Amino acid sequence: MAPEPLAKLPIPPFVLALAAVTLIAFLIGLVRFPGAVREASTYERAQKLVSAGQAAPAEAALAPLVKSHPDSKNVRLTYAEACMRTQNYRGAVEQLQYFEGKEVSEEDERRLNAIVAELDRKFPEAPKDKKK
Amino acid sequence: MIIPGFIITWLSFPGVIVHELAHAIFCRLYGLDIYAIKYFQFTTGFGQPAGYVVHGRSEKPSQDLMVSIGPFFVNTIVGAVIGAPAAIPIFTFGKGDALDWFLLWLGVSIAMHAFPSTGDAKSILHSIQSRQVSPAVKLVAYPIVGLIYLGSVASIFWVDVIYGVAVVGLLPTLIVKLLA
């Protein structure tokens with residue numbers, strides 16, 4: 001006997017729930033995607049600018065990213081490096097303060113040490129435990 | 001440590017469900033009868049598919065082809081839109097919150113189940129071999145069947161997982177680098 005086609009597509013509750021979650025996630029993705037790509041391409045561009053010695057536009061581009069991604073070590077480090085190149089030492093020190101007591105990768109540690117070493121060269125007389 | 005394939009399937013179950021839903025949506029789109037549908041079963045890996053849709057055949061082989069490969073487009077697009085915006089904060093900025101990680105898992109799970117199955121390949125073959133079909137359709141369908149079988153073998157080497165990760169992670173990276 002030929003099977004009967006299903007009159008209505010059965011959708012169990014768990015499938016309905018997953019479909020709803022997927023739809024919401026899809027809409028969230030649609031809303032977030034342009035902004036995420038824009039911020040990421042700004043960050044990429046800023047990194048290239050820092051490498052190319054154009055620190056001022058890099059610093060300007062990274063400043064809003066530091067605000068929108070305050071917990072991103074990558075952004076803060078790159079911003080600190082840009083600040084050093086534009087001689088915005090206060091800005092660089094502010095980023096260094098973020099890393100106090102935090103675990104960092106070997107590469108990040110190398111970059112941080114390079115910034116600290118340069119600051120020490122520029123301000124050899126600066127008190128080490130100065131608080132403001 | 002080798003992780004059994006069925007464990008990977010259990011952990012990525014949303015992708016299977018979206019895959020079967022995509023088949024069903026295309027069937028409904030073309031007015032094809034659906035006789036049975038299983039969105040997900042945990043017995044996968046024990047000789048059972050993770051999910052399946054038993055459906056009727058269209059008079060147009062091109063529609064049968066779209067029913068079989070529809071999940072490739074649906075799962076890829078849905079997985080990319082969900083996972084890519086979450087991948088950017090995690091991999092570019094090195095910091096993602098719980099929502100980002102959840103969306104990343106969901107996106108990869110959906111995208112990695114984009115590949116049609118060998119059951120879909122058999123369905124395509126049956127459709128184009130059993131009746132008069134234009135050479136143009138055969139020219140498209142046979143290579144697709146070949147790719148599906150290749151994909152099935154490649155999934156032993158986690159190519160489907162790699163595909164899911166590439167769609168969600170590599171694609172936005174490429175877009176970002178192009179725009180930067």
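This is a predicted model: local features need pLDDT of at least 70, side-chain atom pairs count only at pLDDT 80 or more; totals for chains, interfaces and linings use all residues.
Residues are numbered from 1 along each chain as its sequence is written, and chains are lettered from A in the order in which they are written. Local features need pLDDT of at least 70, side-chain atom pairs count only at pLDDT 80 or more, and totals for chains and interfaces use all residues, while side-chain values use heavy atoms, without hydrogens and water.

**View 1. The contact between chain A and chain B.** Chain A brings 38 residues and chain B 35 residues (contact: heavy atoms within 4.5 Å). Together the chains bury about 3100 Å², 76% of it on carbon and sulfur atoms (accessible area, 1.4 Å probe, lost on being put together, summed over both parts). On the chain A side, Leu9(A), Leu18(A) and Arg32(A) lose the most area to chain B, together 18% of what that side buries.

**View 2. A salt bridge across the contact.** Two salt bridges link chain A and chain B (a side-chain nitrogen of Lys or Arg within 4 Å of a carboxyl oxygen of Asp or Glu). Glu44(A) and Lys177(B) pair through their side chains in a salt bridge, 3.1 Å from N to O.

**View 3. The helix α1(A).** Helices here are DSSP runs (H or I, at least four residues), numbered from the N terminus. A kink of about 40 degrees lies at Arg32(A), shortly before the proline Pro34(A) (angle between axes fitted to the seven residues ending there and the seven starting there). Just after α1(A), Gly53(A) takes a positive phi of about 80 degrees.

Definitions and conventions
Buried area is the accessible area (1.4 Å probe) that two parts lose on being put together, summed over both. Helices (H or I, at least four residues) and strands (E, at least two) are DSSP runs, numbered from the N terminus.
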